Amino acid sequence: MATVNVTDISKTYPNGAQAVHPASFDIADGELIVLVGPSGCGKSTLLRMVAGLEDITTGDLHIGARLVNNLDPAERDIAMVFQNYALYPHMSVAKNMAYGLKNRGASKEQIAAKVSEAAEMLSLTALLDRRPSQLSGGQRQRVAMGRAIVRDPALFLFDEPLSNLDAKLRHQMRVEIRNLQRRLNVTAMYVTHDQVEAMTMADRIFVLNAGRIEQIGTPSEIYRKPASTFVASFMGAPPMNLLLAQSVGGQVQIGGVALGLSCADGDVTVGIRPEQVAVTQGGTIPFKLTLVEELGASRLLHGTVAGQDFVVNAPNDDAALADDLMLDFAPDALHLFDAQTGQRL
Amino acid sequence: MKRAAFSQPLMPVALLLPQLVIIAVFFYWPAWEAIYSSFFLQDPFGFGSNFVGADNYTRLAKSSEYAKVAGFTVFFTVIVTVLSLGTALLLAVKADKVIRGAKTYRTLLMWVYAIAPPVAGFLGALLFDQNIGPITDLFAFFGYNLQIGLNYNDTAFAMIVVSVWKQIPVNFIFLLSGLQSIPVAVREAALIDNKSGTRRFWDITFPLLAPTAFFLLITNITYALFDTFGVIDIMVKGNPASNPITLVYKVYTDGFRGGDLGGSSAQSVVLMVLVLALTIMQFRMLERRIHYT
Ligand SMILES: Nc1ncnc2c1ncn2[C@@H]1O[C@H](COP(=O)(O)OP(=O)(O)OP(=O)(O)O)[C@@H](O)[C@H]1O
Ligand SMILES: [Mg+2]
């Protein structure tokens, strides 16, 4: 249990690649932060700097009240869960969990108590004598969790811990990890490129893009008020529609139709989520339908608005659809972004 | 498994034959010959031989000279194995940590591996040469007169140094690749779990290296026992009587120099049994325990 304070932290690899540009943020005690972003955006690098597995090029990192920049990973009071679990193959499940405690001078009784408590929590009790090679992927994942839990660290670090599991197990473990973290009230940083994980687990989401933090916010803030076209198109499935529009006489128009929004004259990017569009006879925006994707509960209508790609997530009412439809949306469902910088207006 | 059928029943036999012939001619036949002649005593002048039963073996068991050579062989094998494995492990661990210029460093360490055994023996002999050997000079500088081929201990020392030197690169290559096949994340997990680098090595790295190390242990014992023949031959300078030799070398001197084919054969049978035991041990151990995946 601890706060994390990061000041202007950055990472330049020896080959000159700048993986993380100076970033500052604070994490509250017991908070779960999810770092999300596309592959190569620097999520792992940032997490590994916090863990001490990567040197910090510039900036200060405090865990609790301690400046930990120059401390070894073992001295930072953190525990990490790796993507491939990184269990010790020659040790039993119990020994895997005990190893970190043993090296911190815990007594035999303490270790046994901690291990059996964690095993209980993760339903691993029957497996304590097995080797990692004798476990399923989901069970290994649990052992990796157990290894982190027994340590009672100040901070949990997760680097895509669920990405090797199948969809069902992933869902189950997601809930389990979230519950455990709540129950133990340990501060956590969680890296994923799965936006569903990010939305469902996070107290706050950090969206990273090319080594920079684009936006920090609660899941609902990220969804409702994306700070840029990047965040808007990264978070949400299917992603937000982004249309190039013009503002004429202060009124934003697409294909000559005013949207009921105003901003300074010139080009502007208009964003609208596929699920916030209605297909109605009384709509004002013409939509050319090219493809229908059935999702079961709803269906995705792919087509164009004013010649630009557009997707509508419509309720699945089995109605036959004409090729030319009319769309309607509330003005407050629209997002305006600078057409050049992509920043929210 | 898929079973392929040959339309011609003799085809598989024909395909196997070359391999079988080679094995028979170069392995089974000599082995049989050795076992057979170990029960005979050769006439010193080569006029035939007499069946003597297990005499050659009992003679071996009683021979104090054989016991001395066996003793030296054990000592030599242990020292060479421990030193060459230990040094190679140290070098491999260090090389594994090198990030800048890693390739060059590794290539340099592997060079010795490319030297043929007789050349290595010859180079070793040069290093220890009485007149021009730099190692002899070095010892002379400290006031010690190194006499290879004359002084028992000096010869043993030179044999060990050259044999170890020759074996380090092979061990190094295997140990380094063993180290590098340990998943990075496992090491990183250990880094978080344990502050002490030495403890991490013995708790995590070394056990994960154990399959490689065990394989090398057997290889090194075999090397020290058998493949050091060339080195020994050069070091004893044709004077095996007053110099340390190993069991394999004794087979050669007794058989070809001493003309005692029966005794020499009995010695090779003993060595064959030794190799058999080593091989069985290796298979047993590899099948069991030292495998994690
Ligand atoms: N050891 C390294 N040396 C040089 N560049 C590196 C090194 N490790 C990572 N990088 C670079 O730093 C950037 C960020 O890498 P990082 O591993 O943090 O990405 P990531 O966001 O975790 O991606 P992924 O989702 O694929 O895991 C990438 O462009 C990568 O190529
Ligand atoms: Mg990563």
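The questions and answers below walk through a predicted model with chains A and B.

Biologist: How many helices and strands does chain B have?
Modeller: Read along the sequence, chain B runs α-β-β-α-α-α-α-α-α-α-α-α-α-α. Its C-alpha atoms fill a box of roughly 75 × 75 × 30 Å along the principal axes. The count for chain B is 12 helices and two strands.

Biologist: Is the crossing of α1(B) and α12(B) left-handed or right-handed?
Modeller: The angle of about 125° describes how the two helices pack. Handedness is a separate matter. The crossing of α1(B) and α12(B) is left-handed.

Biologist: How many nonpolar, polar and charged residues are in the contact of α1(B) with α12(B)?
Modeller: On the α1(B) side are B:Ala31, B:Ala34, B:Ile35 and B:Ser37. They meet B:Gly262, B:Ser265, B:Ser268, B:Val269 and B:Met272 of α12(B). Gly counts as polar here. The contact of α1(B) with α12(B) has five nonpolar, four polar and no charged residues.

Biologist: How many nonpolar, polar and charged residues make the contact of α2(A) with α3(A)?
Modeller: The crossing of α2(A) and α3(A) is right-handed. From α2(A) come A:Ala94, A:Met97, A:Ala98, A:Leu101 and A:Lys102. From α3(A) come A:Ile111, A:Lys114, A:Val115, A:Ala118 and A:Ala119. By class, the contact has eight nonpolar, no polar and two charged residues.

Biologist: At roughly what angle do the axes of α10 and α11 of chain B cross?
Modeller: Helix α10 of chain B holds residues 229–236, and helix α11 of chain B holds residues 247–257. α10(B) passes α11(B) in a right-handed crossing. The axes come within 10 Å and cross at roughly 65°.

Biologist: Which residues of α11(B) make the contact with α10(B)?
Modeller: α10(B) brings B:Phe229, B:Ile232, B:Asp233 and B:Val236. The residues of this contact divide into six nonpolar, no polar and one charged. On the α11(B) side stand B:Val248, B:Tyr249 and B:Tyr252.

Biologist: Which element gives the most to the lining of the largest cavity?
Modeller: There are three cavities of 30 Å³ or more, and the largest holds about 70 Å³ of space. Its lining includes A:Tyr88 and A:Arg151, as well as B:Ala189, B:Ile192 and B:Asp193. Elements giving two or more residues are β6 and α4 of chain A together with α8 of chain B. The most, three residues, comes from α8(B).

Biologist: How many nonpolar, polar and charged residues line the largest cavity?
Modeller: Chain A supplies residues including A:Ala79, A:Met80, A:Phe82, A:Arg147 and A:Ala148. Arg and Asp count as charged. The lining has seven nonpolar, no polar and three charged residues.

Biologist: Is the peptide bond from A:Ala237 to A:Pro238 cis or trans?
Modeller: A:Pro238 sits in the loop between α8 (229–234) and β11 (241–248) of chain A. Omega of this bond is near -10°. The bond is cis.

Biologist: What is phi of A:Glu160?
Modeller: A:Glu160 is in the loop between β7 (155–159) and α5 (167–184) of chain A. Its phi is positive, in a residue other than glycine. The value is near 45°.

Conventions. Residues are numbered from 1 along each chain as its sequence is written. Chains are lettered from A and ligands numbered from 1 in the order in which they are written. This is a predicted model: local features need pLDDT of at least 70, side-chain atom pairs count only at pLDDT 80 or more; totals for chains, interfaces and linings use all residues. Side-chain values use heavy atoms; hydrogens and water are left out. A crossing is left-handed if the near helix is turned anticlockwise from the far one by less than a right angle, and right-handed if clockwise. Helices (H or I, at least four residues) and strands (E, at least two) are DSSP runs, numbered from the N terminus. Contact means heavy atoms within 4.5 Å. On a 1 Å grid over the protein atoms alone, a cavity is a set of points where a 1.4 Å probe fits but cannot get out, and a pocket is an open set with protein on both sides within 12 Å along at least five of seven lines; lining residues have an atom within 4 Å of a point. Grid points are joined across faces, edges and corners, and a volume is the space filled by probe spheres set on the points. Axes are lines fitted to C-alpha atoms, for helices over the stretch in contact, and angles run from 0 to 180 degrees between N-to-C directions.
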